Amino acid sequence: MDAKKFGVFIATLRKENNMTQVDLAKKLQVTDKAVSKWERGFGFPDINSIEPLADALGVSVLEIMRSEKIEETAVTQDTASAALTDTFELVKLQRKAERKSIVKIAGCVAAILSLIFLIDGMGWLGFAMAYFPVICLLGSIALVFYGAWRKKNKLPCVQTFVLAIVMLLIPVALVVFLFLAGYSGLAPIPE
């Protein structure tokens, strides 16, 4: 399925039925942001929402899956086969997105647990002076690579690069602070 074609088709049908995105969202029990996302070609509805979407827009499930109106009275075997193939591909995409979400959540939980153990072992000050700057530096490098990937794929990347710069400035600011504290006599000068 082509996300852009699907989005244009949904938007056209919605407007033909004199519905706003909010109206359609209420009928499907989703957010208007979800409908907007579909119409802009940035995703598809959940597979369980396809039939209610077809009913709400007054078309068949096959027409939704094909993203075009079918004027024929009888559906050909090729058309039905193509619709099934599109459905299977949509399910694969949704499962892939779910797996990505699970991996992200597991990674975040592992990172939080690691930080808790580091802070518990070193104390707040030791963690702030030793590991936090390193974590910020590594995070900054990772964000630069991620921003470059987003730029290569023609996705918005300015916020990613700004965050990378901010994270890079944190360890630099810490070193400057320690140097100034040592120079002014408030703390020992690091060797």
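This is a predicted model: local features need pLDDT of at least 70, side-chain atom pairs count only at pLDDT 80 or more; totals for chains, interfaces and linings use all residues.
Residues are numbered from 1 along each chain as its sequence is written, and side-chain values use heavy atoms, with hydrogens and water left out. Local features need pLDDT of at least 70, side-chain atom pairs count only at pLDDT 80 or more, and totals for chains, interfaces and linings use all residues.

I start with the core. The largest nonpolar core holds 25 residues; such a core is a set of buried Ala, Val, Leu, Ile, Met, Phe, Trp, Tyr and Cys residues joined through side-chain atoms within 4.5 Å. Buried means under 20% relative accessible area and exposed over 50%, with partly exposed in between (1.4 Å probe, protein chains only). Among the residues with the most contacts inside this core are Phe6, Trp38 and Leu53. Helices here are DSSP runs of H or I, at least four residues, numbered from the N terminus. At least two core residues come from each of helix 1 (3–16), helix 2 (21–28), helix 3 (32–39), helix 4 (50–57), helix 5 (61–66) and helix 6 (77–152).

Next, two single residues. Thr160 sits in helix 7 (residues 158–183), and it counts as buried because its relative accessibility is 12%. Leaving aside neighbours within four places in sequence, Thr160 is in contact (heavy atoms within 4.5 Å) with Leu143, Tyr146, Gly147 and Arg150. Gln77, in helix 6, counts as exposed because its relative accessibility is 70%. From Gln77 to Ser49 is 28 residues in sequence and 24 Å in space, C-alpha to C-alpha.
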